[in-house]
Amino acid sequence: MATTNSAASEKKEVAVIVPVESRNPYTLFIRPILHEVAMLARFCALFFKEVFAPPYELKELIRQCFLIGYKSFPLVAITGFIMGLVLTIQSRPTLAQFGAESWLPAMVAVSIIREIGPVITALIFAGKAGSGIGAELASMKVTEQIDAMEVSGINPFKYLVVTRIIASTFMLPLLVIASDAVSLYGAYIGVNLKGDVSFQLFFLKVFEKLSFSDLFPAVIKTFFFGFMVALISCYKGYNSNKGTVGVGESANASVVLASLSIFILDMIAVQLTSLIT
Amino acid sequence: MSNKTANNTRLGLFVSLSIALLITGIYFIGKKQQLFGNTFIVNSVFKDISGLQIGNNVRYSGINVGIIDNIEQITDTTVKVEMLLDESTRKYIRKNAKAIIGSDGLMGNKIVVITPGTPDKAQLANNDNIQTAQAISLDDILLKIKISSDNAADITTNLGLIVRNISNGKGTVGKLFMDTVFAENINQTLINIKQGAGGFDNNMKAASKSVFLRGFFKKKKK
């Protein structure tokens, strides 16, 4: 009887604690998103505050460049090669209908350099490096390694976050350039599966239609992609606080949000490019 | 320690190769746009540039020798086109060369085609003007096709009218084909002519035997 009474009083308490306003969409969905955006902006501001202030963790930065950039290259290269090959094979029938198969190298090159190369590479990068950063920082957080660093006099934000964001910002453009080159090689193979085009002719055709307005905006936007992937992943990992469950959640949220941010940034970049050119 | 050095070496190699690829791309795109190497400027004034844009190619003897560097409207009817040409082609382009706006294939971009001048003329100097010739544009071709089709329509209308008149038996040809009385008359006329010719032949035979005309016919036989 006493148990029943206590259960009833608990129910009554819950009914009192959960306010009516928490059931409206603003409180349920929009306010948490705005809160997350505000926290991310604070995190970003802290990064810019810390990045210029000494001491500089150059050794850790180079180590992160190796782990984030170089270690991602095989995956990015394989994806790029398949992307170039498949795009060429899929585009051929449509161009063949117009008798414009000779335009295949130029068309594939413009598609890869302008859009597909940067976006697909950034997504792969978000999947590999982003999840890695998110999970690594989250596990350090839950095992209190970050707190231990703080106690031992090392600035954990500078050592863990700043180095990773800089490494990601500068490594992703290089990965995209390498991926573009491998993609174009895949496209060359694709062209020659049903045709006979020399490498020299393919090379000339590729650069015949490319201009600086194709190359520079594509490269510049990848710096922002890299920055955003690492910023979100570091934020999610650094602020993880649900024990071991939080590690998985951080890794998952890092990939999802980083991928979403890539598409949003790409949309903005395309609009800006079309305004300028 | 050695592992760290190897990693750094690999990273350095990756970074260097990627930057080298970027520089190669910039070089080849820049080379195509005449950013590297010696160039000279040639100007032409056109009445209509047919959608020519900055960056379009300039072609000489079928080879891309430069690009359009600037396009400027100078009066209400003329447009000045500034072309950046490769210095190595200067010796081939003479002062009486002509620039024509053409098209790169059926669906391609607009280009400027420079037709060769004559060897007796001097080479072009920097900032020289070359003459232009108006190329036949697609609009001109379509206009001519329209005129031809209008003419064809007129001709078929007139032919239709003639055929209708003939079938209605109007005019000589119409009567010839459609009027049975007229045809009968012609038939009778032909019979009369045949009979008249036969009678004339008999008369001439009789005349050849006449005393008065025998001498005349003998002379004619000789």
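This is a dialogue about how some descriptions of this predicted model are reached.

Biologist: What is the confidence in chain B?

Modeller: Chain B averages a pLDDT of 86, and 98% of its residues score at least 70. The scale runs from 0 to 100. For the model, ipTM is 0.78 and pTM is 0.73.

Biologist: Where in chain B is confidence lowest, and where is it highest?

Modeller: The lowest mean, 77, belongs to helix H5 (residues 214-221) of chain B, and the highest, 92, to strand S4 (residues 79-86) of chain B. Where pLDDT is low, the predicted coordinates should not be read in detail.

Biologist: Why is H5(A) called roughly antiparallel to H10(A)?

Modeller: Helix H5 (residues 104-142) of chain A packs against helix H10 (residues 243-276) of chain A at an angle of about 150°. Angles over 145 degrees count as roughly antiparallel, so H5(A) and H10(A) get that name. Their axes are 8 Å apart, and H5(A) passes H10(A) in a right-handed crossing.

Biologist: What residues make up the contact of H5(A) with H10(A)?

Modeller: The contact of H5(A) with H10(A) comprises 14 nonpolar, 11 polar and 1 charged.

Biologist: What makes S5(B) and S8(B) a pair of strands?

Modeller: Strand S5(B) and strand S8 (residues 131-132) of chain B are joined by 2 bridges. At least two bridges are required for pairing, so S5(B) and S8(B) count as paired. The two run parallel. In S8(B), Thr132(B) is the bridge partner of Ala99(B).

Biologist: How does strand S5 of chain B pair with strand S6 of chain B?

Modeller: Strand S5 (residues 98-103) of chain B and strand S6 (residues 110-115) of chain B pair in the antiparallel sense, over 6 bridges. Here Ala99(B) has Ile114(B) as its bridge partner in S6(B).

Biologist: Why do S7 and S8 of chain B stand at the edges?

Modeller: The open sheet of 8 strands in chain B has the order S7-S1-S4-S3-S2-S6-S5-S8, with mixed pairing. Strand S7 (128-129) and S8 of chain B each have a single partner strand, so one side of each lacks a neighbour in the sheet.

Biologist: How do you know that chains A and B touch?

Modeller: Residues are in contact if their C-beta atoms lie within 7 Å. By that test, 15 residues of chain A are in contact with 14 residues of chain B. On chain A, helix H3 (58-69), helix H7 (156-193) and helix H9 (212-238) each supply at least two residues of the side that touches chain B.

Biologist: How many charged residues are on the side of chain A that touches chain B?

Modeller: There are no charged residues on that side of chain A, which has 13 nonpolar and 2 polar residues.

Methods
Residues numbered from 1 in each chain as written. Chains lettered and ligands numbered in written order. Predicted model: local features only at pLDDT ≥ 70, side-chain atom pairs only at ≥ 80, totals over all residues. pLDDT = per-residue confidence, 0-100. Helix = DSSP H or I, 4+ residues; strand = E, 2+ residues; numbered from the N terminus. Axes fitted to C-alpha atoms, helices over the stretch in contact; angles between N-to-C directions. Parallel < 35°, antiparallel > 145°, perpendicular 65-115°, else oblique. Left-handed = near helix turned anticlockwise from the far one by under 90°. Nonpolar A, V, L, I, M, F, W, Y, C, P; charged D, E, K, R; others polar. Contact = placed C-beta atoms within 7 Å.
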